[in-house]
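Take a moment to look over the structure below. Then read on, chain by chain.

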Amino acid sequence: MAGMNVESNPQELILSEFRLRSPGAARFHQSLVVTVLIGCALISILTTIGTIVMLIYESSGFFLNEQIEIGKFLTDTRWTIGQTQGEIRYGIWPLLSGTFRITGIALLFALPTGLITAIYLSEYAPKKVRAVLKPALEVLAGIPTVVLGFFAVTFLTPYLLAPLGDFKPFNAASAGIAVGILCLPLVTSLAEDALQAVPRSLREGAYGLGSTRFEVTIKVVLPAALSGIVSAFLLALARAVGETMVVALAAGSTPTFTLDPREPSQTMTGFIVETINSESVVPGTLSYYSIYAVAAVLFLITMLITIIGQIIRNRYREVYQ
Amino acid sequence: MSQIPDQLKHDSAGRNERRSRKSNSFAVICLLISGLVIVILVTLLTTILTKGAGSLNWNFLTSVHVENQPELSGIWQALVGSMVICLICGLFALPVGIGTAIYLEEFKPKQRTMRRFQGLVQLNINNLAGIPSIVYGILGVTAFVYMFGLFDRIQVNQIPEYEMGAEYFYQVNTISNRRQGIQGRFVSFPAKDPSQPTFEINEPIEVTDGGGQSFMLNVIADDLPMPTDPELLERTVRRGTVASRFARYQASHFHLPLGKSILAAGLTLALVILPIIIIASQEAIRAVPNSLREAAFGMGATRWQVVRGTVLPSALPGIMTGAILSMSRAVGEAAPIIAVMGGILGTTRGLSNLMDASPVLPVTIYKWSSHQNVAYENLAAGAIIVLLVFLLLMNSVAIWIRYHFERKQGAF
Amino acid sequence: MLIQSQLTRIDFVPSTGILLRSQTNSSNRRPVFLFFAYGLMSVLVLCGCNSGNVQVSSGDSNLAGTLRIEGSSTVAPISIKAKEMFNAIHPNVNISVSGKGTGNGFAALSKKEADIADASRPIVAKELGNCQAAGVEFYEIPIAYDGLTIVVNRANEFVRELTVEQLIKIFREDFAAKTWNEIDPSWPSERITVYAAGIASGTHDYFVEVIGHGTNKGLRSDERTTLSEDDKLLVRGVKDDKYSIGFFGYSYYVPEQEVLRAVKIVNENGVAVEPTTETIISGEYSPFSRPLFIYISADSFKRVEVNEFVNFYLENAPEIVTKAAYVPLPDEIYERCFERIEAEQNQGIGTHYLDSNDQKRTGSILEVYDFKNLRR
């Protein structure tokens with residue numbers, strides 16, 4: 001309400017609201033406000049600290065357990081926690097490979113499609129097409145991931161993949177494609193931003209030399225926007241690695257160490273949500289601590305990708321802004 | 001410079017034509033691939049509509065999940081749960097998020113340590129946005145459900161250590177014997193000392209029955225015959241009968257740790273969307289022209305007065321748009337909620353206070369679509385339609401705000 | 001206002017034609033009560049059963065409180081049915097049922113996070129130890145029979161019956177057959193996919209006990225095997241996968257008979273038997289018939305709402321169990337269950353399935369579920 005007033009006459013409102021206060025009181029008031037604001041900012045810091053402390057503390061219960069050798073965690077190719085009551089194997093590779101198999105399929109689909117769509121939107125699209133494509137992308141971006149998981153199970157697997165070969169009811173391919181659909185709008189909008197950030201002068205220069213639109217796009221705009229596009233790819237990668245509901249619904253719950261996209265493939269996120277949901281998590285047991293160990297690995301990976309993405313993004317911003 | 005005319009000379013008309021043809025065919029390829037977005041979207045929506053349209057009816061919207069009876073099941077509790085969780089999430093994440101954004105954008109400190117602090121916060125927020133939501137879910141379990149083990153766990157037959165909004169009563173069944181067709185009546189009375197789980201009735205005491213009617217409980221000794229008057233019999237217990245404690249919860253009911261409650265889930269979701277709200281608000285604040293700030297400073301306003309009187313009002317539409325968009329992200333999240341509240345499909349009473357657990361739409365969709373009974377798959381599709389409509393409504397509010405205020409600001 | 005049931009432990013009241021069940025704490029005063037009851041019933045019948053003062057209609061029961069049931073996903077459908085029927089009479093009792101595996105149920109019971117633990121196998125020594133350490137006592141109540149059902153896809157034409165030896169080859173970790181022709185040379189050389197109950201479930205434990213054959217060998221856990229506590233996931237898996245095999249509780253099989261087929265199991269007498277209600281009751285479906293249990297925390301049982309719920313559960317057990325697609329126990333067993341919960345001074349507390357050396361007692365439920373075997 002105050003907003004509307006201010007827009008019509010800001011000075012009047014400011015004067016009427018603050019006229020009676022002495023400068024000293026105002027300064028005191030302000031320092032109070034700043035303290036509250038710092039408190040708000042602290043919450044985000046506390047979230048990070050809380051996450052890191054929790055992951056270190058709880059996963060130490062896993063790594064310091066006498067049954068566990070860190071070497072085996074990093075090299076063994078079988079993961080049987082939550083799968084057997086006998087001798088457990090706890091190599092992270094099946095989960096890690098599951099994550100990257102699905103991520104790979106997702107990016108294989110999302111990156112070229114997203115990039116080309118971004119190029120089309122930024123360089124070619126007439127207004128009418130844009131008016132359809134942009135909202136479609138926004139709607140796609142707003143669709144909850146659990147819906148895409150449903151789509152993978154009820155459409156992609158039975159109708160798209162099953163006719164193509166011996167796909168298991170839960171498989172890496174359908175989950176991968178669904179995660180790809182999820183990443184598509186993200187890649188498109190970030191890549192389009194990067195392409196649009198390329199200064200007009202570069203394009204005009206190239207056109208002036210008689211280049212066709214294709215040549216301008218491929219030889220001038222794309223290289224100039226490369227860092228932005230790479231950072232878009234990295235953010236999409238982080239998103240795909242952390243995606244949970246699609247894989248929980250569509251990828252099955254068997255940790256496998258294979259390259260076959262027709263096989264089920266439990267990911268790190270899938271393992272966490274499955275184990276937490278089935279509540280085979282009696283605190284103090286190995287399977288309880290293993291959740292945190294897997295989460296710590298997941299956290300490290302996404303953190304690394306995000307940071308690299310941020311660095312590249314900031315660099316390209318500096319160049320053109 | 002002299003090379004260009006050379007090249008042009010060598011360029012036959014055919015080559016130019018090839019170049020332009022290449023360019024045109026690339027445009028067509030681009031158009032086709034971009035069209036994939038539309039194809040995907042249409043397929044997705046068609047799949048959901050064909051599967052789900054049949055299950056949409058009034059009963060579906062107003063009833064709750066019934067196990068193994070999909071024809072009776074509905075989404076009422078999930079719908080309410082989603083709305084409440086959205087509200088909790090917004091109430092917490094909005095002030096904190098906007099506060100952080102204001103601090104980062106408008107209160108750039110001069111001291112080096114504070115500048116470093118701000119840099120850290122900014123870096124941290126960008127990284128928080130990249131953390132998978134399931135990791136937030138685990139954090140929610142540790143930080144909200146169990147509160148780092150600082151308090152005793154919530155257990156059955158025990159009153160939580162820190163609690164409010166709970167009234168304790170004892171209840172007892174009056175003399176009953178189904179073999180003889182004596183049903184008995186469940187009566188209750190307030191607990192004077194709630195710490196005792198049971199209460200032995202040795203003397204008459206005023207009790208209330210199901211209809212809210214109060215009367216004195218008739219207590220008879222063990223060896224006396226039962227009263228023959230059925231009305232009196234209904235008001236009689238034997239001496240030494242043990243009444244047991246139960247709680248009635250008010251809407252303000254609250255306890256620590258939060259346990260698997262909708263409040264814990266809402267707070268967890270707030271953490272998930274906090275970075276998104278902060279980033280969106282920062283951008284909205286950045287978009288406010290500097291001239292506005294300078295004008296206000298020129299009139300002697302303090303920085304906070306400038307922010308409150310000038311910056312915030314004109315950044316508000318942008319902030320609200322970002323906030324609504326990130327809250328619609330929260331409404332669609334399932335993974336952190338499964339971690340915090342568990343995959344609940346329904347509760348007996350429905351949501352009556354913030355300490356209750358509740359189903360929400362995305363979790364219901366998840367549980368239904370992994371249900372072995374295929375009929376639930378169609379219900380899941382129906383629930384998806386409702387969820388999408390819900391999101392659509394939220395987004396249209398955002399679009400309306402953007403449109404409405406952009407027009408106003410245009411006159412500015 | 002009167003609860004009708006098909007139980008044996010019912011009295012037929014001639015004057016009214018109404019079947020009535022006895023109630024808990026007054027069974028020792030039966031003769032006196034009976035006398036009054038007949039008198040009262042006659043009065044009620046004379047009044048046309050419509051005494052205006054008796055207002056305890058089922059709709060507005062005053063019974064309140066909260067009840068948490070955790071444990072076996074096999075037993076969960078029974079408890080959910082019981083909950084639904086109980087809530088129809090007592091809508092103010094808040095009951096939550098979650099099926100996350102027998103092991104997790106016992107863990108919740110010992111951590112005092114559940115009032116009742118559903119279990120698809122009896123408690124084991126370690127879990128009993130946990131309960132004792134936490135000071136948690138319980139009543140052990142068998143509630144139904146289950147035939148652990150081994151299923152294949154309907155489209156699978158070659159697997160009609162299996163012997164326990166063949167099951168061992170398919171499921172046990174030291175064999176873990178990769179293709180079907182390893183089991184029988186006449187079967188196709190297609191790869192076997194296994195959908196099995198997860199390690200926190202009692203179904204898993206029971207199955208491992210049978211195929212373990214006294215060895216310590218457990219279930220396979222390779223990449224061809226999906227293990228889950230969620231039976232629904234297993235049903236879906238076998239449903240969509242032609243060359244797969246899986247197992248779960250009988251009730252999860254019943255609604256899926258069009259797409260799944262239960263494999264006949266060759267019993268000790270060399271007869272291949274399909275799981276049906278009849279063969280499970282008669283014990284012909286062996287060795288995969290097993291009783292299912294609920295374990296009630298003795299502390300919680302003092303609460304009126306828990307007491308009422310358990311009594312309701314037992315009174316209506318045959319109806320509840322049948323509705324949940326399981327097989328009711330002999331009436332004799334339900335009779336003994338009432339003796340446990342009605343026993344004076346908590347004499348009915350404890351388990352029947354562990355002897356004093358922590359060894360598991362085996363045998364039919366009628367032999368084991370006996371007061372002389374009760375161990376506190």
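Predicted model: local features only at pLDDT ≥ 70, side-chain atom pairs only at ≥ 80, totals over all residues.

Start where chains A and B meet. Here 73 residues of chain A are in contact with 80 residues of chain B. Which helix of chain A gives the most to this side? Helix α3 of chain A, residues 23–63, does, with 19 residues. Now sort the side of chain A that touches chain B by class. There are 48 nonpolar residues, 21 polar ones and 4 charged ones.

Stay in chain A and find helix α7, residues 145–161. This helix has 17 residues. At 1.5 Å a residue, a straight helix would reach 24 Å. Yet the end C-alpha atoms of α7(A) are only 20 Å apart. Where does α7(A) bend? The place is Ala152(A), and the angle there is about 40 degrees. Is α7(A) mostly covered or mostly open? It is mostly covered, with 13 of its 17 residues buried.

Move to chain B and look for strand β8, residues 241–256. Strand β1 of chain B, residues 162–173, pairs with β8(B) in the antiparallel sense over 9 bridges. Within this pairing, Ala166(B) stands opposite Tyr249(B). Strand β3 of chain B, residues 198–201, also runs antiparallel to β8(B), and 4 bridges join them. Here Glu200(B) has Val242(B) as its bridge partner. What holds such strands together? Strands of a sheet pair through backbone hydrogen bonds, either parallel or antiparallel.

Chain C comes next. It has 14 helices and 15 strands. Of its 376 residues, 52% count as buried. Take the contacts in chain C between residues at least 6 apart in sequence: 70% of them join residues at least 24 apart.

Now pick out an open sheet of 5 strands in chain C. The order is β4-β3-β5-β15-β6, and the pairing is mixed. The edge strands are β4 (93–99) and β6 (138–147) of chain C, and each pairs on one side only. From one strand to the next, the twist averages 20 degrees. Look inside the sheet at β5(C), residues 116–119, and β15(C), residues 289–297. These two run antiparallel and are joined by 4 bridges. One bridge sets Ala119(C) against Phe293(C). Finally, helix α11 of chain C, residues 304–315, packs on the sheet. It touches β3 (65–71), β4 and β15 of chain C. The direction of α11(C) makes about 55 degrees with that of β3(C).

How values were computed:
Residues numbered from 1 in each chain as written. Chains lettered and ligands numbered in written order. Contact = placed C-beta atoms within 7 Å. Nonpolar A, V, L, I, M, F, W, Y, C, P; charged D, E, K, R; others polar. Expected span 1.5 Å × (residues − 1). Bend = angle between axes of the 7 residues up to and from the residue. Buried ≥ 20, exposed ≤ 12 C-beta atoms within 10 Å, placed from the backbone. Pairing = 2+ DSSP bridges. Axes fitted to C-alpha atoms, helices over the stretch in contact; angles between N-to-C directions.
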